[in-house]
Amino acid sequence: MQKLLTRLQRFRTGSPLSFRLLAYILLFSSAFTLIASAIQIYSDYRKDLSQIDNRMMVVETGYTSSLARSLWALDQKLLQTQLEGILSLPDIVHLRLKIEPDSELIMGEIPRDAKTTSHTFNLNHQGDEMFSLGQLTITADLRRVFSDMRQKVVLVLTTQFLKTFFVSILIIWIFQHFVARHLTTMANYARNFSLSNLSNPLELDRPNTPLNRSDELAQVTVAINQMRERLNDDLDRQERDAQEIRKFSKAIEQSPSSVLICDRQWRIEYANQKFSQLTGYAAAAITGKHPGVLSEDVQAHRENRQLWKSIRLQVQRVGVWQGEINSVRRNGERFWEQLIVTPIKNSKGEATGYLILGEDISIRKRYEQQLLRQANYDILTGLPNRMLALDRLKLALAQARRESSLVGVMFLDLDNFKHINDTLGHDAGDNLLIEAARRISSCLRGTSTVARLGGDEFLVILPGLTGPEATSQVAERILKTFAPPYLLNGQEVFVTTSIGISIFPTDSDNSGSLLQHADAAMYQAKRKGKSAYAHFAPEMTEVSHERLQMESLMRRALEQKEFELYYQPIVHTDSGQLCSAEALLRWNNPGLGMVMPDRFIPLAEETGLITPIGEWVLQEACMAAIRWKESTGTDIGISVNVSPRQFRDPGFIDTVMNALAASGLPPQQLELEITERLILDNTIETADILRQLDQSGIRLSVDDFGTGYSALSYLKSYPFDTLKIDKSFVQDVMKEQEDASLVKAIINMAHSLGLRVIAEGVEEEAQTHFLQHEGCDYSQGYFYSRPIPENEFQDWLKTNQRAVRSSTN
């Protein structure tokens, strides 16, 4: 028994579920056994009682008549025998016979404290009448019944308990073998289950039969393994999500934009590092605050209150707010910030917070302001540019229509600006434009506008005039302010301006026509002698149209081969023998006829067409020199004029070299004539271009020497070969002593610097003698030949060669 208890104790600790199952089986089986046994015992008890009752009923049935006869006959011996026979029956222990009228016969003894049962029946004699003879009471002893019942109880309980116990043990063993031990395996698996061993599946120690694969344990095993696989998948997904979250977290923290995350009440929950760098506020210091009230400036709070109210309303209504605000750093410094505010929503679409992205756009705003200014104002002078000026002119015209007033439009162009710019350089030209803009502005009232249209052109708008005479007064003031000299590069320079005036609505009712009319009037002022102003007159449009027509025709002249080269000989002064020729450009237009250079060259320089035209001139001149050599067998140099704009073209040197390469002309036979005012632009670029040309063997000449500013100090700095005396000095050497002295000085100065001298404009023989006497190297002019086309120049070459040969013979 002790061993059984020990095993039960071990069984209890090893398998609590089995022990509880055993306890429940024993409990309920015992209860059922008790109830069943009680019912069975009670049934047997009732059966035994029923047998006793039946026995006494049998006595009544079997003995009533015989007892009645014996009693009627007063046969005592027989009566005694009958009663003894009844008393001998099982369980009958006492008989009591009452005999009428008052005698009684008792047999047997009732045990003391015994439980008994009695049965009484009457004895009657049936004759002519019914006579009551007596009454017999039979008493039966129930001790045997109770004893049998006790034995049955002990036996039944013992057998039923043992049967229940062993059946329970068998059931528990079956349960333990087929269920509980697998549940223990599952429990141990679950106990050791962790995220680190998700790769180990749950396996039960039992045969892999179809029945086992479909029962509950198999279902639980499959469910656990499926859960393990899902957890493994979830773990992988969570790891990926965690990596994504870490990546996004780093991206937000390291974002170049500032990031704020607020809760539903717009309280700051998170601020990244960029926000702290941008505003100066530490994340811990602003947590829980509203993003609009970070600073301690009460005025800033009032300014931000309405702004953030509109932001909240728009975010709630539209779902996003984007805009630019003027924010304040922690140190009080203001900066421009672009914000994007969006709600953070949950799966139900409800806003759980707000995301605020910010970017410092102060630099961009400055650039925008700068670009806006550049788009509307001239960078050099700070005056409104053409676009802004036209807008203001349209506004002035609209106001004048409402008020029935006049608007004056003045077009200004600086006289000889290109000459100053080419002579003294671009820096001096810029300073001249700045000072000119200041002088013009000083002559105007506050409502007027002065703008720079480009180059040396200015526009003045005079709104709200009551009469046209006011424009003349302003023009006279402007001309007066231009009278004092300008100080450029340490030199005093006198610069004037020409002014053209048109008036709204007298001359036109639209801005475009007013500008055209003012431009036409400006050219009329230049033709009057410059430093003047002119009001528009209808006939001026014809002149303006002529200029536009010439520009349009000139743009097509090059491709239609309307340009021609004329050549003028350059001869040795002492012998008259040809040494070279100067190429001179002419324009032979079918409609305009032969157009001289002084009419179209300034316009070509102004429009930039001089660059492609100059390239064509170089190519044609070099080809002509090669043709002359082929026809005469003599090397003849060619001299080509170079305009300042063409000289400063970035591809000028390549243009010259390409012309030499294409023609095959040696560089020593090409001479480029540079104007005196160009060499006064003492820049590194000018010196470098001249140095490269000289190193390549090309000859360099100073054209029109003496007509510009003093350039003597620059002649020794640049690699020039020749100096050309302007014809304005040569033509009067025989008449004016000053001109003769000046020419002598130029020749001597040039020779002292190692330069050869060419005298231009020689028209008389006396002039040749003077030049020969003074040692001038070369001469050029009508005395020798006018500029002539190439075919005529070929004939002149032959004539010159014959004349030279005859003179030498």
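Predicted model: local features only at pLDDT ≥ 70, side-chain atom pairs only at ≥ 80, totals over all residues.
1. A search of the whole structure turns up one cavity of 30 Å³ or more, and the volume of the largest cavity is about 40 Å³. Its lining consists of Thr611, Glu615, Gln646, Asp649, Phe652 and Thr655. Sorted by class, that lining holds three polar, two charged and one nonpolar residue.

2. The largest nonpolar core contains 75 residues, and Trp628, Ile638, Leu670 and Leu672 have the most contacts inside it. Helix 18 provides the largest share of this core, with 10 residues. Another core lies apart from it and has 34 residues, including Ala428, Leu462, Phe482 and Leu488. In soluble globular proteins, nonpolar side chains tend to be buried together.

3. Leucine 670 deserves a look on your screen. Leaving out residues up to four places away in sequence, leucine 670 touches Cys622, Ile638, Val640, Val656, Leu660, Leu665, Ile698 and Arg699.

4. With 16 residues at 1.5 Å a residue, helix 25 should span 22 Å, and its end C-alpha atoms are 22 Å apart, so the two agree. Which residues of helix 25 are buried? They are Asp739, Ala740, Val743, Ile746, Ile747, Met749 and Ala750. Just after helix 25, glycine 754 adopts a positive phi of about 80°.

How values were computed:
Residues numbered from 1 in each chain as written. Heavy atoms only, no water. 1 Å grid on protein atoms, 1.4 Å probe; cavity = no way out; pocket = protein on both sides within 12 Å on 5 of 7 lines; lining within 4 Å. Points joined across faces, edges and corners; volume = space filled by probe spheres on them. Nonpolar A, V, L, I, M, F, W, Y, C, P; charged D, E, K, R; others polar. Helix = DSSP H or I, 4+ residues; strand = E, 2+ residues; numbered from the N terminus. Expected span 1.5 Å × (residues − 1). Buried < 20%, exposed > 50% of the residue type's maximum accessible area, 1.4 Å probe, protein only. Core = buried A, V, L, I, M, F, W, Y, C linked by side-chain atoms within 4.5 Å. Contact = heavy atoms within 4.5 Å.
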